[in-house]
Every structure is written in C-alpha cells, then in structure tokens.
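Please have the sequence and the 3D view open.

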Amino acid sequence: MKIQEAYTRWSATYDYDRNGTRDLDRQVTEGTLADRNCQNILELGCGTGKNTALLDRIGRKVLALDFSPGMLQQAKSKLKTDHVFFVRADLTKPWPAKTGSFELVVCNLVLEHIEDLDPVFYQASQSLKAGGEFFVSELHPFRQYQGTQANFLSEQETVEIDAFVHHLSDFTEAARKNGLSLKSMNEWWHEEDLNKPPRLVSFLFEKRAA
Ligand SMILES: C[S@@+](CC[C@H](N)C(=O)[O-])C[C@H]1O[C@@H](n2cnc3c(N)ncnc32)[C@H](O)[C@@H]1O
C-alpha cells in the first residue's frame, strides 16, 4: 500500500489509537516550542493537526502541508480558524510556500517516510528567514535499527507503512549542507520505555545568515 493511501486509511483512528510515540511527540513539541511567538509558521506533514493547534497558538499564520486527503480532512474538521491554511502537497515535490518568509518550520514524525532528506532540508532552509528555526522530531534511528516503523491496526491486521532509516548524522549533514546550524539535539523516552533505547530524537536547527 502506498504511504499516502495508508495514512488516509489510518486517518479516522490516528488520534484515538494507543500510540506512545504520537503522545510523546506532542509533549516534546509543546515543551520545546510553547514559548515561541511567530508571524509565520510552516508545518510539514501536519497529519490530523495534532500539533497544529499549538502552532496556531504561537503563530499569527500557519501553513500546514500534507499529501493525505484523509489526514487533512481530520485536521480541518478540528481546527476551524482563519489563521491556519491546510494545503495538500507532496513534500518530495516543490512546496507551495513563499521563500524567506517563515520564522519557524516544523516537521514531526514524517521524515521516516521520505527517502532523501536533502531536498526537504533545502526547501526548509529556503522557506526560512535568516535566524529562523527548523524543528524536527522523529522516531529515533536506534528504534529503526530494531525494526520499529510507523504502523496501525486496520480490520484486525497490522499495517506497516513504508519507511526509510535515517542515521543521526544524515539529519545533521542534510542541515549543514543547506545552511542550517544545529542549536540543540535531544533524545526522548516515553514513560513505558524504561531500559529501552530512546524513542524519539529532536533537532532544533537555525538558518544561518547568508
Ligand atoms: C505519523 S504522521 C505525523 C502527523 C503529524 N505531524 C503528527 O505528528 O501527528 C505522518 C504524516 O506525514 C504525511 N506524509 C508522509 N509523507 C509525506 C509526503 N511525501 N508529503 C506530504 N506528507 C507526507 C502523512 O500523510 C502523515 O499525515
């Protein structure tokens, strides 16, 4: 099943399934970004809008992109505001986002589905103003090495969604090549993860002045 199709199938239950990774990501994102105050925010792979409500709180305008019609429909039904614009877009193609106009670009739990990080980091960097930040939160590669990937239960069957392994250095190198400096990197455990490798990794990059 294609990634886009799989997410549309998952969209009706994504918010309600038992999913520690989703819940931890929300906590981490809230903890990292809650004190920001931005004019324009770009969200990559917004899904059902789990983090979009926070972005709406900390930004005047949010452009939220995703390629799954089902996920976008869920997000739109939850967040009815004039400040958030949900647009269907494939992140592996050119984005409908204005160059140099965002203070913050965020991307949560999406990049495992994208094979080549470089074009994403290139477009994120292009979209940011100088000094702007790119926040990335992803399934930790240590978990990927053990075989974990995004999955959901559909009609009693576990559906695994196609995923690509990205090592920690793949993220930092894609950033470096595209004019983004690493401000911080953190590793995160869910409360059920005692003695296990970290579940999530997050990066905060800053766009260097030209
Ligand atoms: C695990 S969900 C995460 C959604 C949301 N960011 C969150 O944290 O709950 C992954 C999302 O990425 C989207 N996605 C995956 N590959 C994409 C691509 N190439 N272009 C646009 N969206 C993509 C999927 O449709 C899905 O909504």
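## One residue and its contacts

Leaving out residues up to four places away in sequence, Ile 161 touches Ile 3, Ala 6, Tyr 7, Trp 10, His 113, Gln 149, Ala 150 and Phe 152, where contact means heavy atoms within 4.5 Å. This is a predicted model, in which local features need pLDDT of at least 70, side-chain atom pairs count only at pLDDT 80 or more, and totals for chains, interfaces and linings use all residues. Residues are numbered from 1 along each chain as its sequence is written, and side-chain values use heavy atoms, with hydrogens and water left out.

Ile 161 sits in the loop between strand E7 (157-160) and helix H7 (168-177); helices (H or I, at least four residues) and strands (E, at least two) are DSSP runs numbered from the N terminus. Ile 161 and Ile 3 are 158 residues apart in sequence, yet their C-alpha atoms are 6.1 Å apart in space.

## Buried in a core

With a relative accessible area of 1%, Ile 161 is buried (under 20% relative accessible area, with a 1.4 Å probe and protein chains only). Along with Leu 33 and Phe 86, Ile 161 has the most contacts inside the largest nonpolar core, a set of 32 residues. Such a core joins buried Ala, Val, Leu, Ile, Met, Phe, Trp, Tyr and Cys residues through side-chain atoms within 4.5 Å.

## Cysteines

Zero disulfides turn up in a search of the whole structure, a disulfide being a pair of cysteine sulfur atoms within 2.5 Å. For Cys 38, the nearest cysteine sulfur is that of Cys 107, 16 Å away. Cys 38 is buried at 7% relative accessibility, and Cys 107 is buried at 0%.

Notes
Buried < 20%, exposed > 50% of the residue type's maximum accessible area, 1.4 Å probe, protein only.
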